[in-house]
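Me: I'm new to this one. Can you walk me through it?

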Amino acid sequence: MRYAVISDVHGNLEALKKVLSEIKSEAVDEVLFLGDAVGYGPEPNECIELLKKGCRIMLAGNHDWAALGLTDVSYFNSVALEAIQWTIDVLKDKNRKFLGTFPLLKRLDKLLLVHSTPKQPEQWHYLFTYRDAEVNFQLFEEWVCLIGHSHQPVIIERLPSGELITCKDEAYLRHDARYIINVGSVGQPRDGNPKAAYAVLDLDKTTISIKRVEYEISLTQEKMRKAGLPEYLIERLSYGR
Ligand code: ZN
């Protein structure tokens, strides 16, 4: 089985189209989506509709829940709030309903899929440190846990000795180790690289690789300006910050 894993599209249709077309050439069996279809970007409806066509599994992220009024947004910064209010206003009813069917967590073979962390997925914790990783490794049984949310791709390996190691782009997945893998963000990368990110997980070869693909950032930015979305959100796409 060979999966493409995508996350954090955030209404960026240009990035999503480019990633899905790259994925076509990867000969994957299924596409898995880890949440945040909407929020920040200018085309939430189009992204939901395209994800629906292309993905086997679709999870909810904190921005999806915020757009549905299902989560507390008091911790959102002012630009995120402004963008989510804009999203609520433009979201079509049928897409809102469909978004409401996305689960927070899914188990698939030896995989656990979740937007934020295995620990209290509905609390939207971030996983940044080895300490965070260690806490979470204790909270799931599966071989590999796939996450998004921070928009920063990383592969964290837990060796049988308990030692944690980080790999950046690619790893051979050992059967005696366990993994937490952040697949990065399609629509708003924040690791200093503005290219859209996604992952290819090959369960037969037991490999994971984080891929980056260029898309027309200026086209998304133009649409954001037309929509009146905050300038800060428009600018950050150029820098991947
Ligand atoms: Zn996100």
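Predicted model: local features only at pLDDT ≥ 70, side-chain atom pairs only at ≥ 80, totals over all residues.

Me: In what order do the strands of the open sheet run?
Reply: The order is β4-β5-β6-β10-β7-β8. That makes 6 strands, with mixed pairing.

Me: Which strands stand at the edges?
Reply: β4 (105-108) and β8 (164-167). Each has a single partner strand, so one side of each is left without a neighbour in the sheet.

Me: How are neighbouring strands turned against each other?
Reply: By 15° on average, direction ignored.

Me: Start at the β4 end. How does β4 pair with β5, parallel or antiparallel?
Reply: Antiparallel, over 4 bridges, with β5 covering residues 111-114. Within that pair, L105 stands opposite V114 of β5.

Me: And what packs on the sheet?
Reply: Helix α6, residues 130-137. The helix touches β7 (154-158), β8 and β10 (178-182). Its direction makes about 115° with that of β8.

Me: Moving along, how many bridges join β5 to β6?
Reply: 3, and the two strands run parallel. L113 stands opposite L146 in β6.

Me: What do β5, α6 and β6 make together?
Reply: A right-handed β-α-β unit.

Me: What about the other neighbour of β6? How many bridges join β6 to β10?
Reply: 4, and this pair is parallel too. I147 faces N182 in β10 across the pairing.

Me: Are the faces of β6 covered or open?
Reply: Both are covered. V144 and L146 are buried on one side. C145 and I147 are buried on the other.

Me: New topic, the metal. Which protein donors does the zinc ion have?
Reply: D8 (OD), H10 (NE2), D36 (OD) and H151 (NE2). They lie 2.0 to 2.4 Å from the zinc ion.

Me: What kind of site is it, by the angles?
Reply: Irregular. The angles among the 4 donor atoms of the zinc ion are 86 to 177°.

Me: How are the donors spaced along the chain?
Reply: As D-x1-H-x25-D-x114-H.

Me: Where do D8 and H151 lie?
Reply: D8 is in the loop between β1 (2-6) and α1 (13-24). H151 is in the loop between β6 (144-147) and β7. So the pair ties together parts that are 143 residues apart in sequence.

Me: Is that pair buried or exposed?
Reply: Buried. D8 has a relative accessible area of 0%. H151 is at 1% and also counts as buried.

Definitions and conventions. Residues numbered from 1 in each chain as written. Heavy atoms only, no water. Pairing = 2+ DSSP bridges. Axes fitted to C-alpha atoms, helices over the stretch in contact; angles between N-to-C directions. Contact = heavy atoms within 4.5 Å. Donors = N, O, S within 2.8 Å, 3.2 Å for Na, K, Ca; no water. Tetrahedral: all angles 85-135°; square planar, octahedral: opposite > 155°, others 65-115°. Buried < 20%, exposed > 50% of the residue type's maximum accessible area, 1.4 Å probe, protein only. Right-handed = clockwise from strand over helix to strand, strands pointing away.
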